[in-house]
Amino acid sequence: MSSAQPLTGRSVTGTAGAGPGNRRLGLALVVIATAQLMVVLDATIVNVALPHIQQALGFSGSGLEWVVNAYALTFGGLLLLGGRAGDILGRRRVLIAGVILFSLASLLGGFATTEAWLLGARALQGVGGAIVAPAALSLIATTFPEGPPRNRAMGVYAAMSIGGAAVGLIAGGLLTTYASWRWVFFVNVPIGIAVALLAPRAFEESERHSGRFDLPGAITGTLGLVALVYGLSNAATSPNGVAHWHDTKVVVSLVAAVVLLASFVLIEARSTHALMPLRIFRNRNRSGALLLMLCVGTAMFGMFFFLSLFMQTVWGYSALKAGVAYLPMVGVIMLMAGVSAQLVPRIGARPLLLAGSAIAAGGMLWLSQINEHSTYVGGLLGPMMVTSAGLGMLFMPLTLVALSKVEDRDAGLASSLLNTGQQVGGALGLALLGTVAWTVVANSIHAQVGAAAAAAAKAGQPIHAAGGHLPAAIYNHALAVGFSRGFLVSAIVAALGFLVTLVMIRVKRSDLAGAQETTVLATAEATAEPAEAM
């Protein structure tokens, strides 16, 4: 968000100071919580349905990544623009517009019959989410008076973020198993209609601020990220064993990404209304926190994506069973987020960031040992719990470090950049990890088929795949090997996050005293971050 006011809680605009009646505050809280539920629900509910979507619409492995990335790139790329829109056009108006767009995109996604149709709907959902998320958080500050009312609202917002992730896992499993994957999109429509109808009754229109939209920055930045992810995801080795790094479309997209992202930096350096003023990166600790969040997003998105496919494709889990399998992870993240909040005032943020990134890296390294013969209790539960413990330790101190010694005018920007970094890092990471994983899958299939054919020919009994399909054992082993390599890359990225913390983040406990007093709403946003990556 471009305004500091919605996040810091240092002032309240308009009617908030006058204290609207309890009934209206209650309705406002219901609307904000429901809007947040809709955004968070979408992150987890679609993840569980990915294998069914792949089967129904014929996505390739690398193509399926775009069901996640189309949303993440538009959401992360336009999040700052969405915050600016609320400042300039009015937050209530923008919230309603974003909810309507999100609902329409969900409806379109539910009716999708082709890959392009679904990906277009997911991109529109990301645009809607980028509008809704900052508007909902900002409306807490402009509607609820400082003190217990605002703190309660923040608590409900944070609880809805984590609770919504758990609800999405179960709801996604139920809908996909007993209805259809299409209902993971349709379910957003009634929620969106309810929010759009109640919002005018719940909120006064916020004060509109003068300013301009940095459209050149938003367009070049978002398109640059899309081109980069497209190039990386299309470079994977295909099942016939051919690598595609030298393909024209890959080279052109990577070159275009460099040009567009360089143009974005130049635009932001010169613009008087920059979405991302480069001054925000002058603070070493803040830059380190943002870079660490980029690493966290890279590792998390890939882990959840490949685990969903692994459990349902290799182990044969139903969507519901896969969703339930994730619940311990959500619980541990919630627990460790609470523990880290209590520890920050005592030991500071840096020890928690070092410990959290190291533990997460260790958990992902352990996870990379999983194979098709592993069991949930013996092969997945342990590394999943360790990884989630490390991740849960990171989000609160990351937010505090990002907002430490930040100027009032940049507090909202600093907090929003954390979410942007997670989404962008996740999209880039999924493309990179996907390229590694699908290349290993293709090479494994090629090697297994060649070995089996040679052995059969030597025995005088040539093999023939039934119906031209690979034997399940070969395919499942290849997926296990490829996904294991993807988890290993996730562990390396998490270890890189540890090095970033070690080298760049030198924040002292005393530096966070002011930040802890002024980041109540930013803390709620930090609580939402792990849920939005699932």
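Student: How many Å² does the accessible surface of the protein come to?
Tutor: This is a predicted model: local features need pLDDT of at least 70, side-chain atom pairs count only at pLDDT 80 or more, and totals for chains, interfaces and linings use all residues. Residues are numbered from 1 along each chain as its sequence is written, and side-chain values use heavy atoms, leaving out hydrogens and water. Accessible areas come from the Shrake-Rupley method with a 1.4 Å probe, and for residues only the protein chains shown count as cover. Carbon and sulfur atoms hold 67% of the surface, whose total is about 20,100 Å².

Student: What percentage of the residues count as buried?
Tutor: Buried means under 20% relative accessible area, exposed over 50%, and partly exposed in between (1.4 Å probe, protein chains only). The protein has 534 residues, and the buried share is 58%.

Student: How many helices are there in the protein?
Tutor: Helices (H or I, at least four residues) and strands (E, at least two) are DSSP runs, numbered from the N terminus. The count of strands is 0, and the count of helices is 19.

Student: Why does L107 count as partly exposed?
Tutor: L107 sits in helix α4. It counts as partly exposed because its relative accessibility is 34%.

Student: Is Q125 buried or exposed?
Tutor: Q125 belongs to helix α5. Beyond neighbours within four places in sequence, it is in contact (heavy atoms within 4.5 Å) with D42, Y71, F102, A105, S106, F185 and N188. Its relative accessibility is 1%, so Q125 is buried.

Student: How many Å does helix α11 reach from its first C-alpha to its last?
Tutor: α11 spans residues 284-314, which makes 31 residues. The expected span is 1.5 Å times one less than the number of residues.

Student: How many residues of α11 are buried?
Tutor: α11 is largely enclosed by the rest of the structure. Of its 31 residues, the buried ones number 27.

Student: Which residue makes a polar contact with the side chain of S308?
Tutor: S308 lies in α11 and is buried, at 1% relative accessible area. A polar contact is a pair of N or O atoms within 3.5 Å; within protein, one must be able to donate a hydrogen and the other to accept it, and residues adjacent in sequence count only if both atoms are side-chain atoms. Not counting residues up to four places away, S308 touches N47, P51 and Y326. At 3.0 Å, side chain to side chain, the polar partner is Y326.

Student: What separates the C-alpha atoms of L394 and L352?
Tutor: L394 is in the loop between α14 (376-392) and α15 (395-403). L394 is buried, at 1% relative accessibility. L394 and L352 are 42 residues apart along the chain, yet their C-alpha atoms are separated by 6.8 Å.
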